[in-house]
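Trainee: I am new to this structure and would like to go through it with you. Could we start with the terms and then turn to the chain itself?

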Amino acid sequence: MTVLFNDPSEFAEDQFSGFLDLYSDRLRGVPGGAVAHRSETPQVAVVVGGGSGHYPAFCGIVGPGFATGAVVGNIFTSPSAAQVYSVAKAADQGKGVILTFGNYAGDNMNFGIAAERLRKEGIDTRIVVVTDDIASSPIESERRGIAGDFTVFKALGAAAAAGLDLDEVERVGRAANAATRSFGVAFSGCTMPGADAPLFTVPENHMGVGLGIHGEPGIRDEVLGTAEELATLLVRDLLNQAPARASSRVAVILNGLGTTKYEELFLVWNSVAPLLREAGLEIVEPEVGELVTSLDMGGISLTLMWLDKELEWLWSAETYTPAYRKQKSPLRGLRPAVRHIDEAEELDSIPVPSPAAVPVATLVLDGLRVLASTMHANETELGRIDAVAGDGDHGRGMVKGADAALASAERAARAAAGPSYILRKAGQAWAAAAGGTSGVLWGAGLESAAAAIDDQGTSFDRGVIATAVHAFSTAITDLGRAKPGDKTIVDAMLPFVDGLELALMSGKDPAVAWASAATEASAAAAATASLAPKLGRARPLAEKSIGTPDAGATSFGMIVTALQALTRVSERTQS
């Protein structure tokens, strides 16, 4: 159990502050993460990242021969696009940027958005996604990234340090990912800071086979045997998934997930190594220890990267980082990176709202207050639902996003902003603070709803409500690519939008229309319990998810239900 913390909600930020102070001789903090001090010769920037809770991944591998920078999100939550952009911009040395991360929906969205922004600014940015977990899908491109992150990141970092250009570094990263396979088991679940119970439990004398690294349980439970039997399971399943035309030389990582003792890892290695050699494989510079963890999870994963001459050279190359070193590189000759002077955010010129828009601005602010209080009241329940087949962070993420949105909206309201401006700032703050899939989607949805409102409008009738709600929905479906039946927020959102638009078009009072649509959304959210997820982190655990409603759909239903009271006020704002 994670027992040391101050404010549990600030655990990730507090621990990272200590890390930055400890290693200030070789790296520095920037908004969203850390970047390494630079050598005299510019190189391709390799920016790794993901949520906190995995140390040494990701900030612990920033340094010569490895990552140029690391983006650090909240615990088990993808960093926001703003954080990714900030770290990548600081890490860029004029040779281009590689963004690399494990294959999770929130990471794909946030890193992808940041990459587009960097490209628009003329920074050539490539993405290499790690897909090493054989348990999560039979289709390689759909697999999660787990401890294989380490081998892929190492190859990318070594290639960049060797002076390869951007095209070559990207090629190396894709080759390393194609050559890497991982498989793991869990003995116990991890506990989020401040929580009094783990995200999942494993039956006594059993193990969860096919774990994830975000507190996800295994794909199935099996009886826990001896260390030798466990080694046989790991080696056998990995060798059955070997890449086509695999070589006979392998880099190997036996990885502890957080609380499995080093002595236990050594014991398992004592069986793993002979099994690999009996299979005709030659082990190259193996690593046994904690390299990609999951807070205090009990568990082990085995990673193999089949080596050609190039990958072997990169795997063996010198590196010197806070958590991982090969042939200690001297710090002599390093100098701090040129400090990028962050341009102050352009002060938006706040348009003066029309008289008709002033009460609507108050209504928007009141709605955000209701939204935030609703998420606070339901944070624990949403986390419980999400933990059944996901990482248990939905409630915390929604609270973090809603609080940031409300704080930004209140600042805008104090400056006498109109409803569109307030809602736009709320959406931007939500996306920046929350991270994860829900952070991206809610941020984009609120911004799109804002764009449908005119701060200089002379009237705000039921058509404005319908247009704004429709814009919110379209942004989420366009960005998330989810369809009805995928077991996502869309399953509750689309019935709400359709029901609201139909009721408003038929002339019903907005309050009545909203209440009716909210009832449909809540019913649709509850009905997701019978569905198997087809997107996101819950997809590999589809069977475990059946019987539990989707957390995103549930939170949406809670929010629109809570907002019913405000729709009566909205009727009075019409002219």
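Mentor: Buried means under 20% relative accessible area, exposed over 50% and partly exposed in between, with a 1.4 Å probe and protein chains only. Helices (H or I, at least four residues) and strands (E, at least two) are DSSP runs, numbered from the N terminus. This is a predicted model, in which local features need pLDDT of at least 70 and side-chain atom pairs count only at pLDDT 80 or more, while totals for chains, interfaces and linings use all residues. Residues are numbered from 1 along each chain as its sequence is written, and side-chain values use heavy atoms, leaving out hydrogens and water.

Trainee: How many residues of helix 4 are buried?

Mentor: Helix 4 runs over residues 148-161, and just after it G163 takes a positive phi of about 90 degrees. The helix is mostly covered, and the number of its 14 residues that are buried is 13.

Trainee: Is S349 buried or exposed?

Mentor: S349 sits in the loop between strand 14 (325-326) and helix 9 (357-387). Because its relative accessibility is 67%, S349 counts as exposed.

Trainee: How far apart in space are S349 and A417?

Mentor: In sequence, S349 and A417 are 68 residues apart. In space, C-alpha to C-alpha, the distance between them is 9.9 Å.

Notes. Expected span 1.5 Å × (residues − 1).
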